[in-house]
Amino acid sequence: MASYAIIGGGIVGASVAYHLSCRTDADVTIYERQSPASETTYRSMAILGRTGNETMTEMKRYGLSLYNDFFSDPKANSRFDLTGSLAVATTSEGDAELEDSLKKESKTGLYTAGGKHEPVEYLPGDEITRTAIVPYLRTDDVEGTRYRPNKGFTRPQEVAYEFLERATENGVTVENNTAVEDVIVEDGAVTALETERGTEDVDHVVCTAGPWNVSLAEKVGLTLPVRHEPAPILQLEPDRSLPFTFPYTHHHESGIYFRGSHEGDIYVGKHDKSTTYEDVEQLDPDTVRDSVSIEFRDLATDVIETLYPFLLNADITEEWVGVGSRTPDRWPILGWTDVEGFSIAAFHSQGIQLAPIAGHIISRQIVDGEPTEYYEDVSISRFDGYSDTYSG
């Protein structure tokens with residue numbers, strides 16, 4: 001019977017292991033160089049919602065359905081807060097872009113994708129304070145907003161453990177503190193892994209190591225079309241407790257965003273949605289320092305002063321810099337590669353939202369040989385110069 005090795009014990013690796021364990025009795029082992037969900041997953045903001053075109057929406061719907069099942073019968077200390085999502089423009093140009101994006105989505109106030117309707121609303125100026133409860137938002141400079149009520153956040157580590165607990169119950173082995181040093185390929189096919197503990201024979205490797213995917217893929221001769229963008233975070237402790245739900249807020253012009261927490265802290269980060277694959281480069285995640293740049297700190301302070309000035313007196317209790325992966329077309333790369341027995345799971349952000357469908361797709365491919373209905377959208381073969389082992 002085939003044996004499966006998963007490199008990386010974050011939420012994506014945990015999902016792949018869980019889905020494999022539901023489809024096969026074969027040996028499934030996760031190799032994690034530290035402890036599960038302690039690196040890229042731990043640093044995620046774990047926003048859950050449903051946006052995108054028809055295919056992307058269906059992929060996320062699979063995940064939302066599975067998370068609902070998990071949260072109704074939790075095996076970890078999981079929580080989810082429905083906060084809504086608020087995009088805020090403070091220039092006339094940004095306001096026009098927000099309004100125009102909504103016109104493209106819908107003329108009825110309902111975002112439409114895949115025949116499904118999702119509430120979304122454009123509101124000019126300070127009209128948001130007459131529509132939603134956002135008592136901390138300073139609206140003096142707000143030109144326009146786009147509000148989606150059906151978004152929220154969860155604890156990324158705990159959601160990873162929802163997968164892990166179920167996977168280990170199904171017989172999956174988790175090798176903690178076990179770094180993979182090499183992937184052995186003979187005659188174009190994976191045959192073994194090398195770790196500090198020795199060599200392990202395997203039939204199929206699934207690489208789910210976040211920004212470390214690039215260097216691991218190079219070990220089998222594969223150059224991934226993946227680059228990286230630093231993801232700085234400041235954790236703020238307000239000088240007073242917040243009696244109201246804090247909405248996820250994204251400043252349209254700067255990319256600065258705000259997210260509440262279950263404990264009352266506020267996270268401030270940066271994700272510029274206009275940044276393209278060509279704007280960034282490949283990074284060695286082991287060399288990225290955890291201190292945020294002065295430029296980010298100054299930009300965050302400016303946006304705080306503009307939108308949420310009550311946070312100017314907040315204490316900075318922690319800071320870090322994550323590494324976000326980026327693909328040329330902003331879609332994930334999931335499944336087979338041109339190396340037999342080597343599959344990949346790489347994302348253009350949204351890893352927490354897409355982890356469930358990644359496990360579904362990859363397990364279907366390598367256990368059943370089925371490409372799934374998402375194949376053309378997520379296969380690495382969609383890029384010029386790339387192919388995979390699918391022969392259908």
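How many bridges join β16 to β20, and in which sense do the two strands run? Eleven bridges join this pair, and the strands run antiparallel. The structure is a predicted model, in which local features need pLDDT of at least 70 and side-chain atom pairs count only at pLDDT 80 or more, while totals for chains, interfaces and linings use all residues. Residues are numbered from 1 along each chain as its sequence is written, and side-chain values use heavy atoms, with hydrogens and water left out.

**Overall architecture**

- The chain contains eight helices and 22 strands; helices (H or I, at least four residues) and strands (E, at least two) are DSSP runs, numbered from the N terminus.
- The radius of gyration is 21 Å, close to the 21 Å that the globule rule gives for 392 residues, so the chain is as compact as a globular protein of that length.
- This radius is taken over C-alpha atoms, and the globule rule is 2.2 Å times the number of residues to the power 0.38.
- The C-alpha trace spans about 65 × 45 × 45 Å along the principal axes of the chain.

- Strands of a sheet pair through backbone hydrogen bonds, either parallel or antiparallel.
- Strand β5 (residues 85–89) pairs with strand β9 (residues 144–148) over five bridges in the antiparallel sense; the bridge partner of S85 in β9 is R148.

- β3 and strand β10 (residues 152–154) run antiparallel and are joined by two bridges; L48 stands opposite G152 in β10.
- Strand β21 (residues 333–336) and strand β22 (residues 342–346) run antiparallel and share four bridges, with S343 in β22 as the bridge partner of W336.
- β21 and β22 form a hairpin with five residues between them, and G341 in the turn has a positive phi of about 85°.

**Packing of α2 against α7**

- Helix α2 (residues 54–72) and helix α7 (residues 351–368) pack at an angle of about 90°, with their axes 8 Å apart, which means that α2 is roughly perpendicular to α7.
- Axes are lines fitted to C-alpha atoms, for helices over the stretch in contact, and angles run from 0 to 180 degrees between N-to-C directions.
- Angles under 35 degrees count as roughly parallel, over 145 as roughly antiparallel, 65 to 115 as roughly perpendicular and the rest as oblique.
- Contact (heavy atoms within 4.5 Å) brings M56, M59, K60, Y62, G63, L66 and Y67 of α2 to I352, Q353, L354, A355, P356, I357 and H360 of α7.
- By class, the contact of α2 with α7 has ten nonpolar, three polar and one charged residues; Ala, Val, Leu, Ile, Met, Phe, Trp, Tyr, Cys and Pro count as nonpolar, Asp, Glu, Lys and Arg as charged, and the others, Gly among them, as polar.

- The contact of α1 with α7 has eleven nonpolar, six polar and three charged residues by class.
- α1 and helix α4 (residues 156–169) pack at an angle of about 25°, with axes 8 Å apart, which means that α1 is roughly parallel to α4.
- Residues I11, A14, S15, A17, Y18, H19 and S21 in α1 meet P156, V159, A160, F163, L164, R166 and A167 in α4.
- By class, the contact of α1 with α4 has ten nonpolar, three polar and one charged residues.

How values were computed. Pairing = 2+ DSSP bridges.
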